Amino acid sequence: MDKTYRRVKFSCYMTNTTMSVVAMLSPLLFLTFRSLYGISYSLLGTLVLINFCTQLGVDLVFSFFSHKFNIPLTVKATPMIAAVGLVVFALAPVMFPNAVYLGLVIGTVIFSASSGLAEVLISPVIAAIPSENPDREMSKLHAVYAWGTVGVVIVSTLFLRVFGNENWQWLAVLFAVIPVVASVAFVGADVPKMQTPEKTSGAIAFFKNGGLWLCVLAIFLGGASEVVMSQWSSSYLEKALNIPKVWGDICGVALFGLALAIGRTLYAKFGKNIGKILSWGAVGACLCYFVAIFVPVPVIGLVACGATGFFVSMMWPGSLVIASDRFPNGGVLVYALMAAGGDLGASIAPQLVGVVTDSVAQSGYFIDLAMQWGMTAEQLGMRAGLLVGAIFPLAAIVVFFTLRRLRDKKPIWQQQMLTGEEGQ
């Protein structure tokens with residue numbers, strides 16, 4: 001591999017690390033924002049929804065209009081957009097002293113747009129670089145994201161503890177250095193050529209492929225299975241299992257992220273047979289969900305929440321591997337549609353868990369039932385919510401085993417790439 005490709009790979013890794021900053025920064029600062037600016041939990045949760053909806057919007061735009069973009073230029077601009085968003089986010093109290101939340105929303109929209117672009121473009125860049133084992137290269141890219149998540153949690157925790165919550169803006173500025181480094185590394189680098197449909201009608205015709213939608217369903221379920229546990233494990237451990245908050249945060253967020261990173265790193269180093277990995281990963285994730293919900297021993301529930309990260313680790317990148325294998329000429333279009341599917345799962349599933357949790361906790365019938373079972377209504381509600389979340393890895397078992405059988409056969413879907421021809 002020449003120096004240009006090495007620099008491009010480094011830039012892609014730094015951009016994916018930026019995505020972990022974008023995903024984790026707001027949730028880690030929720031309590032800080034609430035104490036400093038009096039922002040409600042509802043509005044704070046909306047920041048996460050804005051994040052995923054913005055990414056989803058970018059994914060859909062690229063699904064239909066990727067041919068309208070200068071792809072190499074857009075790739076190189078992606079990390080700089082994130083840097084701008086993080087700086088605006090940090091300056092929200094200065095730019096909007098009487099409406100800090102508005103500034104946070106604007107910053108979130110900007111850096112979330114960058115994250116959406118990264119989802120669509122960075123994976124196909126890595127896939128387009130010549131490699132002896134593209135599956136492992138894809139896993140390595142997503143392992144960087146997972147390790148970045150662990151790093152963001154640790155750095156943020158230490159920073160706020162040392163410098164105080166009132167200096168959170170400098171934390172955002174510090175993280176903005178990462179996308180700046182990525183942008184500098186992209187300067188002068190040659191981005192590999194990636195295919196896009198020549199016109200919108202070609203993309204629409206391509207959507208008629210049933211095999212493509214099965215891949216989208218796979219990443220939808222994978223994204224849902226991953227994000228439900230990553231976003232709810234901390235609260236679940238604290239409220240439902242009565243584990244102290246500091247341990248709930250460490251084990252619910254950092255340990256999950258560590259397990260996620262280890263799973264992806266191991267596949268990047270030794271992995272093969274992605275179909276089998278996905279199938280049994282879904283089984284393991286489903287079992288972890290059920291153990292966390294039904295086993296009454298808090299320590300076992302804690303371990304189950306953390307271990308889920310290992311089993312779901314390949315669901316998102318593995319789905320991309322299968323899609324790129326089935327549609328090797330799909331280029332940016334396939335990655336855009338897959339990113340949209342993943343973001344949709346990551347948006348809908350955690351919100352559904354929250355709705356179920358609130359509904360059960362506020363229902364008179366379940367309040368009485370919780371008392372009979374020796375728990376609070378909130379504890380029962382969180383268990384019910386996580387049980388609904390378990391539907392996603394359960395469904396993923398069926399989808400991944402189906403994809404595995406199809407992968408073992410001749411990939412007939414490859415015959416209908418961007419031409420709009422229907423599969424056999």
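Predicted model: local features only at pLDDT ≥ 70, side-chain atom pairs only at ≥ 80, totals over all residues.
Biologist: Okay, and H2 itself? Which of its residues are buried?
Modeller: H2 runs over residues 30–37, and its buried residues are Phe30, Thr32 and Phe33. They span an arc of only 165° around the axis, so they sit on the same side of H2.

Biologist: Let's talk rings. How many aromatic pairs does the structure hold?
Modeller: There are 11 aromatic pairs. One of them joins Phe33 and Tyr37 in a tilted arrangement, with 6.2 Å centre to centre and 35° between the planes.

Biologist: Where do Phe33 and Tyr37 lie?
Modeller: Both are in helix H2, four residues apart, which is about one turn of the helix.

Biologist: Is Phe33 buried or exposed? And what about Tyr37?
Modeller: Phe33 is buried, at a relative accessible area of 0%. Tyr37 is partly exposed, at 29%.

Biologist: How do the rings of Phe310 and Phe311 pair up?
Modeller: Phe310 and Phe311 pair edge-to-face, with 85° between the planes and 5.7 Å centre to centre. Phe310 is partly exposed, with a relative accessible area of 38%, and Phe311 is partly exposed too, with 31%.

Biologist: New topic: H17. How many residues does it have, and what distance does it reach?
Modeller: Helix H17 covers residues 377–389, which makes 13 residues. From its first C-alpha to its last it reaches 18 Å, close to the 18 Å expected at 1.5 Å a residue.

Biologist: And how many of the residues of H17 are buried?
Modeller: 10 of the 13 are buried, so H17 is largely enclosed by the rest of the structure. Among them are Ala377, Leu380, Met382, Arg383 and Val388.

Biologist: Zooming out, how many helices and strands does the chain have?
Modeller: The chain has 18 helices and zero strands.

Biologist: What share of the chain counts as buried?
Modeller: Of its 424 residues, 56% count as buried. The chain exposes about 17,900 Å², and carbon and sulfur atoms supply 67% of that area.

Biologist: Last one: what share of the contacts with a separation of 6 or more comes from residues 24 or more positions apart?
Modeller: Those residues account for 83% of such contacts in the chain.

Technical notes:
Residues numbered from 1 in each chain as written. Heavy atoms only, no water. Helix = DSSP H or I, 4+ residues; strand = E, 2+ residues; numbered from the N terminus. Buried < 20%, exposed > 50% of the residue type's maximum accessible area, 1.4 Å probe, protein only. Contact = heavy atoms within 4.5 Å. Areas by Shrake-Rupley, 256 points an atom, 1.4 Å probe, with all protein chains shown as cover. Expected span 1.5 Å × (residues − 1). Arc of directions from axis to C-beta. Phe/Tyr/Trp six-rings, centres within 6.5 Å; stacked < 30°, edge-to-face > 60°.
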